[in-house]
Amino acid sequence: MWKIYLMLTLVMFMWGLNLPMLKYLLEFVGPVTMTSLRISTAGVAVFIILSAMKIIRLPRRSEWIYIIPGMLLNVVAHHYFLNAGLTMTSGTNAALILGTGPFLTAVFSSLLIRVFPSRLQWLGVLLGLIGVSSVVLAGGGLSDISQGDVFIFLSIAVQVLSFLIVAKAAATLDPRLLTAYMLLIGGSTLFVIGLFAEPGELAAFGQVPPTFWLIFGLSALFGTAISHMLYNYSVGQAGPTKAAIFMNLNTLIALLGSAVFLGEPLTNRHLLGLVLIVTGVLFGSGAAEDLWKKRKQRSADESG
């Protein structure tokens, strides 16, 4: 399980750094058009990776029941609302709202698939939520609830619902292969939507600076392709609630990236948020319980 924890931590680093990259890309191209090509590129990248791993196969008819709704929620709706929301609200507001993901996952898991987190996991969820709030409020907090804020909340809500589908699909379909189909079909669907929502926006790609393509490639490959493939695989192994706890690290990593790359200051409240977020991850993911059990077992073996 520790390999899964490390994998999820790596994913959060990629997702945390992806948020400022998306903000940069959206300065040049409309949200739907840019997202459709970025997601489609990510889908092709995942298929190439899985082809090298020799785990490509056509889905069974029964598995399309998971692929289609998973694609509509995880790719089309999530990325549409996320990118549209980022054009209308601040990165600080977005980070706080995205930090509600673990709490929403715990609630939806309890209501929809009857998977109930333990008391220690609920404590981890709440500590992480407090930590995220502490970190974001250090930068000014939520000034006004805007349409962009609502869009960001919708993006995380539909993504959380998609994680429950991924957990169900993992029984017969490799989550990494599920990711490939969702990204490719979802990217194509967004492209069609973009033709109607943003007519003529494709021409904007001809006027972007070279740096745009570097950030675009990094975002597509690491921020979407590899990270989504690893995260969906982790959901299949650890379950949606445990995996979602690590989403609290997104805010922290995004702020650290801003401090390093943009020169934004870090305060004592940021450090307090760091402690709460890491503690929440340890409790909510079950890592603390695993360490406690191993320590008790070691003590029992030594005394025996």
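Biologist: What should I know before starting?

Modeller: The model is predicted: local features need pLDDT of at least 70, side-chain atom pairs count only at pLDDT 80 or more, and totals for chains, interfaces and linings use all residues. Residues are numbered from 1 along each chain as its sequence is written, and side-chain values use heavy atoms, with hydrogens and water left out.

Biologist: Is S162 buried or exposed?

Modeller: Buried means under 20% relative accessible area, exposed over 50%, and partly exposed in between, with a 1.4 Å probe and protein chains only. S162 has a relative accessible area of 0%, so S162 is buried.

Biologist: Which residues is S162 in contact with, leaving aside its neighbours within four places in sequence?

Modeller: Contact means heavy atoms within 4.5 Å. With those neighbours set aside, S162 touches G70, L73 and N74.

Biologist: How are two packed helices described?

Modeller: By the angle between their axes and the distance between the axes. Helices are DSSP runs (H or I, at least four residues), numbered from the N terminus. Axes are lines fitted to C-alpha atoms, for helices over the stretch in contact, and angles run from 0 to 180 degrees between N-to-C directions. Here the axes of α8 (residues 175–197) and α9 (residues 210–238) come within 8 Å and cross at roughly 135°. That angle makes α8 oblique to α9; under 35 degrees counts as roughly parallel, over 145 as roughly antiparallel, 65 to 115 as roughly perpendicular, and the rest as oblique.

Biologist: Which residues of α8 make the contact?

Modeller: P175, R176, T179, M182 and L183. From α9, the residues include H228 and Y233.

Definitions and conventions
Helix = DSSP H or I, 4+ residues; strand = E, 2+ residues; numbered from the N terminus.
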